[in-house]
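Keep the viewer open as you read.

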Amino acid sequence: AGGARENLEPQLKHQAAADMRTSCTSLVAAVALMGAAPSLGFTVGPAMAPRLSPSAMTSISPHSASLTLRASGPSSLASAQLNRRSLARRAPAAGGMEMNFVVEGLLRIGSCMPYILPLMDSLAYGRFLFQKVPLISVIFMTPLQPFVELAQAFPMLSFVAFLGLFLFVVRNKKMPRFVRFNTMQALLLEIILIFPQILTSSNMGGLIPFMFTEFISNMTFYSVVAIVVYSCVCNIRGELPCKIPVISTAVFQQIGG
């Protein structure tokens with residue numbers, strides 16, 4: 001009995017040491033799993049540890065768990081840096097888009113400015129309409145009054161403006177085609193206004209009845225206002241006002257296209 005007890009004691013000590021190593025390994029593996037759980041999206045409860053077998057516990061080492069955690073950290077950091085770099089690349093593009101938007105807006109507004117010349121000259125044809133409906137006179141004369149006073153102070157200013165727009169805008173190939181088209185169309189409309197002026201000036205010595213003179217004046221005023229409004233609306237929308245019969249065709253022949 002004494003010899004059997006002596007032989008059994010080393011086995012018991014060996015089994016106790018093995019159980020102690022298994023318990024330590026299980027504890028380390030449980031700690032590693034709880035540390036990795038937040039990154040996996042779940043938490044390890046107390047009931048989960050007893051269900052794990054010792055072989056599964058021993059297969060998981062703290063070194064592998066730490067490697068897993070270290071690998072997930074730099075990847076998220078790298079993705080964050082990549083997002084910041086992509087946003088940095090987009091910033092100049094957004095600034096360029098804003099700059100293009102401003103330039104586009106200035107071009108559209110600038111394309112409407114040459115139509116001030118024919119609109120100013122059309123006021124003389126609206127005199128009969130202004131006498132009957134004074135409100136229309138206020139609507140048109142109020143915004144155009146500074147330009148009318150400037151033209152009256154310098155009689156040659158209209159001719160200089162006409163010649164300057166033709167030479168430095170229409171004939172300038174470096175200017176945007178959108179601006180050149182509108183400028184040429186406004187100047188051509190200005191030239192066309194010469195013909196009704198000949199017909200309505202002093203009734204051509206009494207050869208034309210007054211009623212006919214009033215009709216021509218009113219129709220000329222309506223036509224010019226309609227063309228200017230159509231052209232400005234198209235310009236603001238970014239469209240080319242090229243659907244005016246005869247006039248738009250002549251403009252295409254002048255600037256090409």
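Angles under 35 degrees count as roughly parallel, over 145 as roughly antiparallel, 65 to 115 as roughly perpendicular and the rest as oblique. Those angles run from 0 to 180 degrees between N-to-C directions, and the axes are lines fitted to C-alpha atoms, for helices over the stretch in contact. With that in hand, take α9 (residues 177-192) and α13: their axes come within 9 Å and cross at roughly 125°. α9 and α13 are therefore oblique to each other.

Some ground rules for reading on. This is a predicted model, in which local features need pLDDT of at least 70 and side-chain atom pairs count only at pLDDT 80 or more, while totals for chains, interfaces and linings use all residues. Residues are numbered from 1 along each chain as its sequence is written, and side-chain values use heavy atoms, with hydrogens and water left out.

## The chain as a whole

The protein chain has 13 helices and zero strands. Helices (H or I, at least four residues) and strands (E, at least two) are DSSP runs, numbered from the N terminus. Of the 257 residues in the protein chain, 27% are buried; buried means under 20% relative accessible area, exposed over 50%, and partly exposed in between (1.4 Å probe, protein chains only). The accessible surface of the protein chain is about 17,000 Å², and carbon and sulfur atoms hold 70% of that surface. Accessible areas here come from the Shrake-Rupley method with a 1.4 Å probe, and for residues only the protein chains shown count as cover.

Contacts can also be sorted by sequence separation. Among contacts in the protein chain with a separation of 6 or more, 71% join residues 24 or more positions apart, where contact means heavy atoms within 4.5 Å.

| Helix pair | Angle | Axis distance |
|---|---|---|
| α9 and α13 | roughly 125° | within 9 Å |
| α8 and α9 | about 150° | 10 Å |
| α9 and α12 | about 175° | 12 Å |

The crossing of α9 and α13 is right-handed. A crossing is left-handed if the near helix is turned anticlockwise from the far one by less than a right angle, and right-handed if clockwise. On the α9 side, the residues that meet α13 include Arg177, Phe181, Met184 and Leu188, and on the α13 side they include Ile247, Val251, Phe252 and Ile255.

Helix α8 (residues 157-170) packs against α9 at about 150°. That makes α8 roughly antiparallel to α9. The contact is made by Phe162, Leu165, Phe166, Val169 and Val170 of α8 and by residues of α9, among them Val179, Thr183, Leu187 and Ile191. The crossing of α8 and α9 is left-handed.

α9 and α12 pack at an angle of about 175°. These two helices, α9 and α12, are therefore roughly antiparallel to each other. Phe178, Asn182, Gln185 and Leu189 of α9 make the contact with Val224, Ile227, Val228, Ser231 and Asn235 of α12.

## A few residues to look up

Is Ser122 buried or exposed? With 0% relative accessibility, Ser122 counts as buried. Ser122 lies in helix α5 (residues 116-122), and a polar atom of its side chain is 2.7 Å from the backbone oxygen of Leu119. Leaving aside residues up to four places away in sequence, Ser122 touches Leu193, Phe221 and Val224.

Tyr230, in helix α12, is partly exposed at 27% relative accessible area. Which backbone atom of Lys243 does the side chain of Tyr230 reach? The side chain of Tyr230 comes to 3.3 Å from the backbone nitrogen of Lys243.

Val246 sits in the loop between α12 (210-236) and α13 (247-255). Most residues other than glycine have a negative phi. Val246, however, has a positive phi near 70°, and this residue is exposed, with a relative accessible area of 66%.

Technical notes: Polar contact = N/O pair within 3.5 Å; in protein donor to acceptor, adjacent residues only side chain to side chain.
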